[in-house]
Amino acid sequence: MELPFAESYKIKMVEPIRQSTRAEREQWIKEANYNVFKLRSNQVFIDLLTDSGTGAMSDRQWSEMMLGDESYAGASSYFKMKDAIRDLLGFEYFLPTHQGRAAENVLFSALVKAGDIVPGNSHFDTTKGHIEFRKAKAVDCTIKEAFNTAVYHPFKGNLDLNKLEDVLKSNPREIIPLIVVTVTCNSSGGQPVSMENLKGVRQLADKYGVMVLFDSARFAENAYFIKTREAGYEHRSIREIVLEMFSYADAMTMSSKKDAIVNMGGFIGLRSRELFEKASVFNIMFEGYVTYGGMSGRDMNALAQGLHEGTDFEYLKTRISQVEYLGHRLIEFGVPVQQPIGGHAVFVDAKRFLPQLPKEHFQAQMLVVELYLEAGVRGVEIGALLADRDPETRENRFPALELLRLAIPRRVYTNNHMDYVATALANVYERSNTITSGLKIVNEAPIMRHFTVDLARI
Ligand code: F0G
């Protein structure tokens, strides 16, 4: 018999979690104004709010924490991180930052100005936030297949190269500071970008003289999909694939809270010394001196170790198989999900789940609330709340997809937890026709409203 698949690690430390009653959850979600960001974590049984900073570090990473060098300048921990970034990702210059959006803030301060246009594949919300905050515009060039959850495409994170070329052709070079390629593409469902597409973007960038930035939070998961789905890469190692991927980029921003499997941290990787020097000034202003940038030495050590672990094939197989497992359980129950299943999360199609609700009722957020009430499982909305208002017209933006994202923390939950989540959502699906009204906004912030918004039942 062929041996079944099993995790590439065993568990040394556990953390208790607690079930609650439906009555308790009814009260808690009301007190949280139907915004799951406002729940306390002990009001949640299984927390799939995000895979960001929620992973379990390994014994090797914890031992690296003990070796952290807390010198203000020139710490050995900085050089450990520098070596890992150069060896694994191929960037000569780097700046540490406290997390991914801080990397965006520093780099965009050096690159993006009012009136600019930044094409990319479904820019992540903080990336878009940092572009729009500077009165520049993010233009989405993702392939159209990404917006139909029922259509299979192995690389739904790909950019439509014709669309991209149109943007590059029809605007003066001076107002396009960079192209952003998000690997994997979080907003389209944790979907990968193929190597062929990365090459295509590079060619267009060279043709029009524009730089390419990879938003790299889940670059290793992207490499896993290239290895397992793209012809010609099946015999290449993850690390070879990662190096080739980044060879098509001029710069990278990284939220290390994902594929470097740490709880906090980020960085910018660069090839240009000139840009490194320009960005260093902003790093010192916003983050900290260039050899720590908002991170402690122990955290830089754990991050460097995490980059090695996160680019290991067996680890990635364990990780992505678990996400697939949850996705396939949901498919068995008939629940509509973005297919193929993404790298870090399962994205449930709320428009197909709750077709009776108008979009003004925030379908995906309503589904988030229903899942929480059903079983104490916390997912997150990727829909109209997150899409925010148009910065000029101040009208609500209703995106093509209304999604409930179930993001799986790395090395944290077992497949029993996945079964629990799938069953809970199947129960909601079974009674979905009884959900006849959704939510309205009572109070919201002027930008990035989804974190703090207050909602009420309609
Ligand atoms: N880019 C991508 C693709 C992301 O998914 C995130 C964060 C960031 C940048 C920003 O990084 O949080 O370290 O500042 N995504 C988290 C999520 C928050 O839940 O998907 P950060």
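This note covers the ligand site and the domain arrangement of a predicted model.

1. Basis. In this predicted model, local features need pLDDT of at least 70 and side-chain atom pairs count only at pLDDT 80 or more, while totals for chains, interfaces and linings use all residues. Residues are numbered from 1 along each chain as its sequence is written, and side-chain values use heavy atoms, with hydrogens and water left out.

2. Polar contacts (N or O pairs within 3.5 Å). A ligand oxygen atom lies 2.8 Å from a polar backbone atom of glycine 100, and a ligand nitrogen atom is 2.9 Å from a side-chain N or O atom of lysine 258. For arginine 405, a side-chain N or O atom is 2.7 Å from an oxygen atom of the ligand. The protein covers 94% of the 470 Å² of accessible area (Shrake-Rupley, 1.4 Å probe) that the ligand has on its own.

3. Domains. The assignment, from an automatic or database source, gives domain 1 (22-51 + 313-457) and domain 2 (59-310), whose centres, taken over C-alpha atoms, are 26 Å apart. Their contact (heavy atoms within 4.5 Å) takes 32 residues from domain 1 and 37 residues from domain 2.

Key. Polar contact = N/O pair within 3.5 Å; in protein donor to acceptor, adjacent residues only side chain to side chain.
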